[in-house]
Amino acid sequence: MLTVRMMMRMMMMRRMRMAGMPAMPLPVMWKYVILWMSLWSLALLGTRGELFGSTPEEQPNKGTLSGDVQNWATLIQNYILELANLGIGRDVTQRLFDSANYTFEAKDGDTLLSNVQTSLGDFLMRKRVAAERIAMMAVKLHDEYLINKRMNRTAKFSRLRDMPMTYYRDSDIPHTVRPKMFSTHFKQDVNQDYSTVKIPDQVPRDDESILDAVQYTVELDGVFRQNRKSDQMIRWQYFGTNIGLIRLYPGREWDTNFAGFYNDYDPRIRPW
């Protein structure tokens with residue numbers, strides 16, 4: 001016997017073929033089926049709601065606007081609940097919980113607290129060491145770069161676009177971030193061989209201070225990789241300058257807004 005759902009699906013596919021529409025994937029098609037069934041149900045309910053309101057208590061609302069709307073809402077609610085149940089497998093999940101073999105085990109609160117304190121303390125200590133290593137190297141690189149610049153021993157660039165990618169990889173310029181590979185640790189595509197920079201929108205990209213910061217901070221890549229090697233649990237590593245430039249490791253393409261433009265970011269102005 002054909003169910004109402006199967007009939008609606010067949011009717012929908014037939015109408016699509018008659019209209020010359022291409023076949024759609026099943027999840028997409030179901031959205032249109034549900035919408036079509038909702039409108040179809042509303043039309044039926046508009047004819048005095050003869051499919052509902054059969055009990056004596058519901059007879060006063062039969063054929064009224066409030067009764068029709070209430071019946072329509074109930075129908076949609078039932079369809080949503082049914083789809084949710086099919087999607088998450090509520091009954092199956094509940095049966096698994098009910099049939100599981102549970103055991104009771106006594107735990108000492110002081111021991112648990114001590115273990116957590118030790119683990120968390122070690123975790124935070126490794127992050128502190130990594131941050132201090134970045135800060136010390138950044139100060140050293142900055143001072144050495146200024147000395148070399150006064151002695152004309154630094155590379156000369158007038159624009160960021162003139163810099164090779166050994167210096168300049170920009171999170172707002174996708175092709176400079178490649179090659180990228182998905183990392184389960186970072187939950188996105190990243191380049192673990194290099195860092196990238198992010199420059200705030202309001203900062204002139206070809207300003208001399210930006211050019212200098214890009215050049216001396218690129219040497220932080222060695223520290224980033226060393227921190228990663230020393231602590232496999234470490235995730236994002238950053239260094240932000242007082243002019244707004246931020247260098248992050250591993251390199252990644254920046255997040256975009258709903259319109260597809262890259263979100264702005266300035267490490268000097270953060271809500272935290």
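**Note on the core and the salt bridges**

1. Glu132 is partly exposed, at a relative accessible area of 40% (buried means under 20% relative accessible area, exposed over 50%, partly exposed in between, with a 1.4 Å probe and protein chains only). Its side chain meets that of Arg128 in a salt bridge, 3.1 Å from N to O (a side-chain nitrogen of Lys or Arg within 4 Å of a carboxyl oxygen of Asp or Glu). Both residues lie in helix H5, 4 residues apart, about one turn of the helix (helices are DSSP runs of H or I, at least four residues, numbered from the N terminus).

2. This is a predicted model, in which local features need pLDDT of at least 70 and side-chain atom pairs count only at pLDDT 80 or more, while totals for chains, interfaces and linings use all residues. Residues are numbered from 1 along each chain as its sequence is written, and side-chain values use heavy atoms, without hydrogens or water.

3. The structure holds 13 salt bridges. One of them joins Arg252 and Asp255, with 3.5 Å between the closest N and O atoms. Arg252 is buried at 7%, whereas Asp255 is partly exposed at 42%.

4. Arg268 and Asp266 also meet in a salt bridge, at 2.8 Å from N to O. Here Asp266 is buried at 5% and Arg268 is partly exposed at 42%.

5. A network of salt bridges links Asp122, Arg126, Lys127 and Asp231.

6. The largest nonpolar core has 22 residues, of which Leu160, Ile210, Val214 and Leu245 touch the most other members (such a core is a set of buried Ala, Val, Leu, Ile, Met, Phe, Trp, Tyr and Cys residues joined through side-chain atoms within 4.5 Å). H7 (208-217) is among the helices that each supply at least two residues, and H7 gives the most, with 5.
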